Amino acid sequence: MPIDPPSPRERLGAASAPSRPPASPPGPRPGQGGARRFLARWLGRLVGALAGLVVLAGLAALVVAYGAYRHYTADLPDINGLKNYQPPVMSRVFAGDGSLLAELANERRIYTPFTAIPAIVAEAFISAEDQNFWTHRGVDPLAILRAAVTDIGHLHEGRRPIGASTITQQLAKNMLLGNEPTLGRKIREAILALRIDQSLSKQRVLELYLNEIYLGQQSYGVAAAAEAYFNKPLDELTLAEAAMLAALPKAPNNYNPFRFPEAARARRDWVLERMAETHAVTIAQARAAQAEPLVPHGYRHPDFTPGGEYFADEVKRELIARFGADDTSEGGLMVRASLDAPLQQAAEETLRAGLMAYDRAHGGWRGAVAHLPASAAELRRDWAGKLASVPAPPGMLPGWRLAMVIEETDGAARLSWLEPAPDTLATPETGTILLADCAWARPKIANAPAGTLGPAPRRLRDVFVPGDVVMIEPPAPNQGASSQTAPNPSAAKVARPQLRQIPEVEGALVSLDPRTGRVLALVGGWSHAISQFDRATQANRQPGSAFKPFVYLTAMEQGISPSQRFLDAPFVVDLGEKGKWRPNNYEMDFNGPMPLHEALQHSRNLVTLRVADQIGMAAVARTAAAFHIADDMPPVLPAAIGAIETTALRLAGAYATLDEGGREVIPSLIDSVQDRDGHILWRAPGLGCESCADDPAQAPLLDDQRPAIADPQSVFQVVTMMQDVVQRGTGTRAGKGLERPIAGKTGTTQDYDDAWFAGFTPDLVTIVWVGFDQPADLGRNQTGGELAAPIWHDFMAIALKDHPVLPFVAPPGVTLASWSDATQSMTDAFKDGQEPGASLPFGSLPTGGVPPGGVPAANPPDSVAGSSPGAPASGQADGNGATAGATPPAEGASAAAQPHPPAGGDSDKAMGGLY
């Protein structure tokens, strides 16, 4: 209530009243006010000091934080690369018909753009890994706080701390930082996540994450994981399968459904619950997905082109040499190879059949794969379980089976095997094998000449006993034995299992189109599973007499005629202190003066050596280099009969060059290479067609851009002579029944270590080699005409089945003419000025050899087996067959009856071609 002011009287009375001491007011006693003021003053000072400390601490924290920021950002990776990031993507190689030949990759990864990733897959990962992905700025503070509280609450339990990394942080870790478990990495990860979120859209971040994350089973990214775990493309995944993939990032190995199905299912169900919580799916959908069984299906590689492993390996080596290892395996290259799938299969089957035929005739039976000791009752009761424990040996063909010998008698045995069936358990099968079917299974005789076998088994117990595990080729349903490979003619006629074994001998086959150099088929051995060493491209072997056509070509280019006669007589070279070199013919005889046509037809070594000595080994070496047979061939006489090293692929290119009239043919396994965007990076050179784009209505004019490395007239002369090699010479088994022009040459090296047949028609070149990996004797008389020519024939019979019969076309300037000598009639190509059947005097022939008394050529390297010189040879022939410096056969005596020249040291070692 308001108080009235005092009246004047009151004010006055108060003024005139006597002075009295005022009454003491209530409150503190004297001295208390000062203490209060003192306390208040010090409290204020304390608060100010504390505030100052807080400010200083804050400033210090800012300085430290700034320093830490500068420290952790000093060497942070640049995120700009993520904007145009090109992920490592596997390269694929396709055969000529579009079938898949190979996949080249360090990591199995299938990159999928964000628009192609199903929404259910993306939402599954967001629900499991980062529920606030669409709203946070790269780092989720709420998740960090939640993780901290949870970790503190479980600190005493010894649990591993839970993570709080967002998808953006995981992307930074996976693509930019690595997985080092340190605080510094987590700080750098958070900084990068903030920057990534500012630079990239959420969709781009999610796309990169879902394509880069490792999900186990050697799969990177969701698309590869969908194939690895469910063998289906990404867009066919069910909700439960998508949730299973989203369960893997935390621990791909621990939640692998193949290894830990219960743990994987529990984690999958947890993801489905999280998806329901985030409303990515309804509760009913989540419950239905949880009720589904977890049934993973392992990834099945697409069917690769059968038998193309060696071809694919060579393609990979060429790609690495041209583009580097990283681009080859991670560049997403699209490679079109020249392989012809049907021809490749035919090449593999015919080569294997030939190797099996040799092994059955000369390799000997090498025993069972394994022996499982058991009683007869145990074998009958549990043979399947015992057999299942025996692994198939590498190199066993897909059509073969391991079989258990259950019981045997002298003339028959009962075998049982497991026949695999798709998506079901293997079916037990039983069959009978007869003694007659095993007649080839003869033992190899120790310390006997190569290929010498004992007698045929008289009873089956000599081959196998009950409990033995052997390889068989089971009979195919309704058609007797399997037709996978049937070197034994009886195998196709009986409905019984056939005993098999993997040959020890090896081989190679190369077939190419001479017009383009495109390699259509390449087989590098019996089985890629046994050895990845490619005997067609990596094995340097002596070609033997298969090199002789290039010696004769060099002679033709120097003007020597196919009818020119050279002496087939002893050829001796004095090596001084090393003794004498005495090469010989395969037949160990001498036929006197012989035309070059007949000498090549019958592969006469001594004539070839005289031709090489006449024209000069330097010229022969230049021919070998021009045809890419050997880059640095020593100019020594043994090289003239094939004592050099080359590969089957190189020899194929050389023979293709002959086929093309001297136009250089470089074998090519790759037609084109495209990058991941479809741009052509490389295309095989060769024939061009510049006029094709000018006028579509005009007939195309092919532009042959290949250089001419030999005179086409001389080449045609040699090709004409080579046709008689196949018709009447050492290569008759190659052309038997094919009824078309074929040119070719056999090749056999010293001690029968290598057997070759190299031949061609106008539209196909094929080279076949047979031998052991470690050079060893194939056996007496196992020549190229005996071993390699039948394989060549069987392959070409398939390859040429639908090809028209084409002739070898003569170039301008040559004339085909028939002529005769004392032994046979021949048809040859003669240049202008050359007379059919004529033979010039010795002194009129071009010479490149060392004249008598001249300095010998450099001694051959040690690899040429210490034999041949370029020294002048005794026994040179003049044009009429007379000899200079050698003793001719006695008058009236046959050359074959003359005694063999006495050996001087290793007279016949490493002399190259035999036949």
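1. A polar contact is taken here as a pair of N or O atoms within 3.5 Å. Within protein, one atom of the pair must be able to donate a hydrogen and the other to accept it. The model under discussion is a predicted one.

2. With that definition in place, Gln498 may be considered. The side chain of Gln498 comes to 3.4 Å from the backbone oxygen of Arg496. Gln498 belongs to strand β11, which covers residues 498-500. The relative accessible area of Gln498 is 0%, and a residue counts as buried under 20%, so Gln498 is buried.

3. Attention then turns to a sheet. Five strands form an open sheet in the order β13-β12-β24-β23-β22, and their pairing is antiparallel. At its edges lie β13 (519-523) and β22 (743-748), each of which pairs on one side only. From one strand to the next, the twist averages 5 degrees.

4. Helix α15, residues 341-363, packs on this sheet and touches β12 (506-512), β13 and β24 (764-771). The direction of α15 makes about 35 degrees with that of β13.

5. Strands β22 and β23 (residues 754-761) run antiparallel and are joined by six bridges. Gly744 has Gly759 of β23 as its bridge partner.

6. Finally, helix α22 comprises the 17 residues 712-728. At 1.5 Å a residue, α22 should span 24 Å, which agrees with the 25 Å between its end C-alpha atoms. Of the 17 residues in α22, 13 are buried, and the helix is thus mostly covered.

Notes
Residues are numbered from 1 along each chain as its sequence is written. This is a predicted model: local features need pLDDT of at least 70, side-chain atom pairs count only at pLDDT 80 or more; totals for chains, interfaces and linings use all residues. Side-chain values use heavy atoms; hydrogens and water are left out. Two strands pair if DSSP finds at least two bridges between them. Helices (H or I, at least four residues) and strands (E, at least two) are DSSP runs, numbered from the N terminus. Axes are lines fitted to C-alpha atoms, for helices over the stretch in contact, and angles run from 0 to 180 degrees between N-to-C directions. Contact means heavy atoms within 4.5 Å. The expected span of a helix is 1.5 Å times one less than its number of residues. Buried means under 20% relative accessible area, exposed over 50%, partly exposed in between (1.4 Å probe, protein chains only).
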